[in-house]
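Reader: I would like to learn how to read a ligand site and a sheet, step by step. Could you take me through them?

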Amino acid sequence: MSVTILAIESSCDETAAAVCKDGMILSNIIASQSVHEKYGGVVPELASRAHMQNIVPVVDQAIKNAGITLTDLNAIAFTQAPGLIGSLLVGTQFAKSLSLSLGVPLIGVHHMQAHVLANLIPDEKPSFPFLCLTVSGGHTQIVLAKSALELEVIGETIDDAAGEAFDKTAKLLGLPYPGGPLIDQYAQLGDPLKFKFAEPQIPELNFSFSGLKTSVLYFLQKQTPEFILENRNDLCASIQYTIVQILLKKLVKAVNQTNVKQVCIAGGVSANSGLRTGLISLGQKKGWQVFIPDFSFCTDNAAMIAITGYHKYLSNQFVPLSVNPSARAEW
Ligand code: KG4
Ligand code: ZN
């Protein structure tokens, strides 16, 4: 029997819906919320309200683009945790209502598990076990994926996430939020070795980025605004280089420790050109197989919730209608 799943993602500031049939993505719709730009970060209350406005048209479009009707659905998957609680509640309540009205089961998905399993969407995908570096605005983790539903976090940040490191240092340089893509853009014109910023010495496979932010702050405090503007490309290139080095060095350690040589990447920061080229050339040098999904599956999206929902469906992992979302990341 074939399995068709509608998935809903509303953990932060993207309202997204996708349909997958037997593990193949049929549609993937995202409504991004521009309302937060002028505040320099996501405003939770505004995010919830925007989800309320977006969720019906986004789900309608996902169903339409997939060429199906609601009665074709076998299950509804939704992001259950972690995220902004008000945002998660919108997706959860919507998923519950659909599940109840259509009489199909409900599947709760962990957002971070879904980021890892986004690597199973493309035709060219890793086999198990593989390692995944998940780098976003809220998380930085190295995950050992033993099977679709057996994921072990073997390293994570003890303070800021890699995306926060990009966004916070960008803010120090006077760049608007989210600064990560802008650092990337300027970095391509600059010298990555011009300025040296501290790399933290953190044990095991864990990360820390708060020291880098302080190091950049102290350096910039000693400079004039003219100097910062004139050296913007080199500053961006040097900051990006430091962040990428921190990430890649831990990845080398993780491969050595696990002897798993299939390496994937996920999360919004995987769009970073320095990280992509750095990982590809490191993989060639070390003999790893590197997988980088299409950018639309790296940032927050519902296709990754759908593929995770599909694997949970196959192993009968459903949740009751009384389920509640959780802001917390424990899994
Ligand atoms: O996964 P994501 O879309 O949302 C969550 O945080 O869950 O990641 C967003 C993060 C932001 O911090 C943004 O600055 C960063 O990804 N980002 C980048 C780039 N594109 C997005 N950071 C560096 N270089 C980029 N090209
Ligand atoms: Zn995410």
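Reader: How far does a polar side-chain atom of D167 lie from an oxygen atom of ligand 1?

Author: The model is predicted, so local features need pLDDT of at least 70 and side-chain atom pairs pLDDT 80 or more, while totals for chains, interfaces and linings use all residues. Residues are numbered from 1 along each chain as its sequence is written, chains are lettered from A and ligands numbered from 1 in the order written, and side-chain values use heavy atoms, without hydrogens and water. A polar contact with a ligand is a pair of N or O atoms within 3.5 Å; here the distance from D167 to the ligand oxygen is 2.6 Å. A side-chain N or O atom of N272 likewise comes to 2.9 Å from a nitrogen atom of ligand 1.

Reader: How many residues surround ligand 1?

Author: A residue is near a molecule if one of its heavy atoms lies within 4 Å of it. There are 17 such residues around ligand 1, and D167 and N272 are among the closest.

Reader: In what order do the strands of the five-stranded open sheet stand?

Author: Strands are DSSP runs of E with at least two residues, and two of them pair if DSSP finds at least two bridges between them. In this sheet the order is β8-β7-β6-β9-β10, with mixed pairing. The edges are β8 (150-156) and β10 (289-291), each of which pairs on one side only. Strands β6 (residues 130-135) and β9 (residues 262-266) run parallel and are joined by four bridges, and L133 is found opposite I265 in β9.

Note on methods. Polar contact = N/O pair within 3.5 Å; in protein donor to acceptor, adjacent residues only side chain to side chain.
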